[in-house]
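Please open the model in a viewer and keep the selection tool at hand.

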Amino acid sequence: MLDPKKLRQSTQDVANNLARRGFQFDIDSYSSLNESRKLLQIENDNLKNKRNKASKEIGIAKSKGEDVTEILKLSENINGLLANNESKLSQILSQIEFIELGLPNLLSDRVPDGKNESDNEVIRSWGNKKEFSFPVKDHVELGSNLGLLDMDNAARISGSRFSVLRGNLASLQRALIQFMLDIHINEHGYEEFYVPFIVNSETLTGTSQLPKFESDLFKIESDKSLYLIPTAEVPLTNLFGDQIIDIDTLPRKLVAHTPCFRSEAGSYGKDTKGLIRQHQFEKVELVQISTPEKSFDALESLTSNAEQVLQKLELPYQVVSLSAGDIGFGSAFTYDLEVWLPGQNAYREISSCSLFGDFQARRMKARYKNPNTGNNEYLHTINGSGVAAGRALVAVLENYQQEDGTIKVPDALISYMNKKIID
RNA sequence: GGAGAGGUGGCAGAGCGGUUGAAUGCACUGGUCUUGAAAACCAGCAAGGGUUUGUAGCCCUUCGAGGGUUCGAAUCCCUCCCUCUCCGCCA
């Protein structure tokens with residue numbers, strides 16, 4: 001959520017910023033709603049003030065045994081006016097809230113202009129793409145030929161966009177997860193968390209998946225409003241909601257491995273084959289909570305923490321800065337890590353590291369006491385994959401494939417796998 | 001699932017229809033005292049919002065959440081959520 005004061009006072013600046021995303025903010029209707037809100041709220045407060053005073057007088061008069069019929073009448077009169085005014089106000093307020101929850105975050109000045117992903121800016125690249133002396137296969141072919149990837153059975157028992165991994169392939173994914181967790185916990189100073197995979201709608205509103213992107217989520221059939229998490233970002237970040245954090249505990253660095261569930265209703269036809277886009281996948285997620293001054297540094301450190309995983313696995317990748325047209329709803333600035341996939345002859349996203357500024361913190365009321373001002377101020381939230389395990393598995397298969405169709409185990413994973421070849 | 005107890009400020013814990021946003025204690029902040037520290041004493045100290053150039057005033061809201069009764073609710077009624085204890089069941 002954007003700062004409502006800023007929204008009111010610098011409406012045109014906000015609109016200009018949002019326009020970079022291609023988002024059109026209807027200034028006129030927002031301003032007129034706000035004007036009505038202002039008048040109604042002032043009137044409302046005045047009426048309540050009168051009623052409060054009258055009630056107090058009644059209490060005093062009664063204790064003295066005086067007659068109160070006159071003032072009682074006045075008070076009842078006020079209540080009539082108030083009821084009418086209040087229903088109008090609450091209607092306006094809910095309209096304003098609906099608009100505000102639907103506004104994307106303001107972009108950082110560093111976000112490159114652009115309409116879509118083709119305008120993303122490559123910041124740096126790492127590693128050398130391996131030269132293969134034989135025709136490369138993609139991960140589906142590799143996994144299927146080894147008998148370790150079973151898409152048919154997954155489709156039969158669950159549906160499309162699910163997968164079954166067998167034997168060494170299942171172990172390889174688990175090894176990747178364990179490997180990543182170990183790096184972040186032992187080398188990068190993150191604290192490991194185990195969190196619920198089911199969360200309520202308030203939680204998802206806090207991190208801004210709701211109300212706008214409900215169709216991307218799996219909702220649970222229940223009398224409560226519960227959803228499967230689309231990423232560990234949701235429970236982890238919300239740990240700080242409704243709290244005033246002691247500044248001495250900042251920055252906080254959290255890591256969790258969870259499955260992620262995404263309905264992705266809008267993406268049919270994209271990446272239908274293989275493990276790239278699944279309804280369920282494993283991910284190691286990094287979250288940092290910082291003060292506003294240090295949040296860009298936090299993003300840089302979190303991004304380099306994610307990069308370390310790919311470097312240790314010796315997987316070539318590039319870091320791109322998402323353009324205004326491609327960046328996510330709640331993000332002020334995003335680096336994507338794109339890993340090289342020989343089977344697709346392309347770089348594909350394997351991690352997305354975003355700075356949300358106070359956007360999420362405001363929604364979930366995550367604050368800290370700023371000792372300089374003495375005020376409670378909103379924290380900044382940062383998160384990124386460190387990295388997506390399903391896609392890391394794809395990258396290992398395709399980059400470490402050998403002519404005979406077997407897969408060499410990356411050096412970094414040998415101790416986790418206790419073998420050097422997957423066959 | 002059955003029986004009971006309870007949810008109040010950063011924490012502990014009073015209040016149980018009326019000038020109570022809320023006693024008291026702890027913690028915290030400032031001051032006095034002290035060579036310094038501790039102790040003692042004095043003072044301040046909830047959150048959110050509106051108005052406003054304003055961290056000044058003034059005003060509104062908030063005692064788990066949502067309804068209701070009332071001129072007036074932390075206090076009474078209803079529904080829900082959560083926590084704790086005991087029993088049952090279970091990984």
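Helices are DSSP runs of H or I with at least four residues, strands are DSSP runs of E with at least two, and both are numbered from the N terminus. This is a predicted model, in which local features need pLDDT of at least 70, side-chain atom pairs count only at pLDDT 80 or more, and totals for chains, interfaces and linings use all residues. Residues are numbered from 1 along each chain as its sequence is written, chains are lettered from A and ligands numbered from 1 in the order in which they are written, and side-chain values use heavy atoms, with hydrogens and water left out.

**First stop: a residue in a helix**

Select N238, which lies in helix α9 (residues 233-238). Is N238 buried or exposed? Its relative accessibility is 17%, so N238 counts as buried; buried means under 20% relative accessible area, exposed means over 50%, and partly exposed is in between, with a 1.4 Å probe and protein chains only. Now display the neighbours of N238: leaving aside residues up to four places away in sequence, N238 touches T203, G206, T207, E233 and M364. Contact here means heavy atoms within 4.5 Å.

Two strands pair if DSSP finds at least two bridges between them.

Strand β12 (residues 366-369) pairs with β13 in the antiparallel sense over 3 bridges; select K369 to find N376 of β13 opposite.

Select H257, whose place is in strand β7 (residues 252-261). At 26% relative accessibility, H257 counts as partly exposed. Which residues does H257 touch, not counting those up to four places away in sequence? They are I177, L181, F193, E282, K283 and V284. The C-alpha atoms of H257 and E282 are separated by 7.3 Å, although the two residues are 25 residues apart along the chain.

From β7, follow the 10 bridges that join this strand to β8, the two running antiparallel. A256 has E285 in β8 as its bridge partner, and E285 in turn has S385 in β14 as a bridge partner. Strand β8 (residues 280-290) and β14 pair over 7 bridges in the antiparallel sense, and S290 stands opposite H380 in β14. β8 is mostly covered, with 10 of its 11 residues buried.

Select strand β14 (residues 380-388): 9 of its 9 residues are buried, so β14 is largely enclosed by the rest of the structure. Strand β11 (residues 346-355) runs antiparallel to β14 and is joined to it by 3 bridges. L355 stands opposite I382 in β14.

Select helix α7 (residues 167-187) together with helix α10 (residues 295-312): they pack at an angle of about 130 degrees, with their axes 10 Å apart. Axes are lines fitted to C-alpha atoms, for helices over the stretch in contact, and angles run from 0 to 180 degrees between N-to-C directions. α7 and α10 are therefore oblique to each other; angles under 35 degrees count as roughly parallel, over 145 as roughly antiparallel, 65 to 115 as roughly perpendicular and the rest as oblique. To see where they meet, display F179, M180, I183, H184 and E187 in α7 with N305, A306, V309 and K312 in α10.

Finally, select helix α3 (residues 27-63) and helix α4 (residues 69-101), which pack at an angle of about 150 degrees with their axes 8 Å apart. That makes α3 roughly antiparallel to α4.
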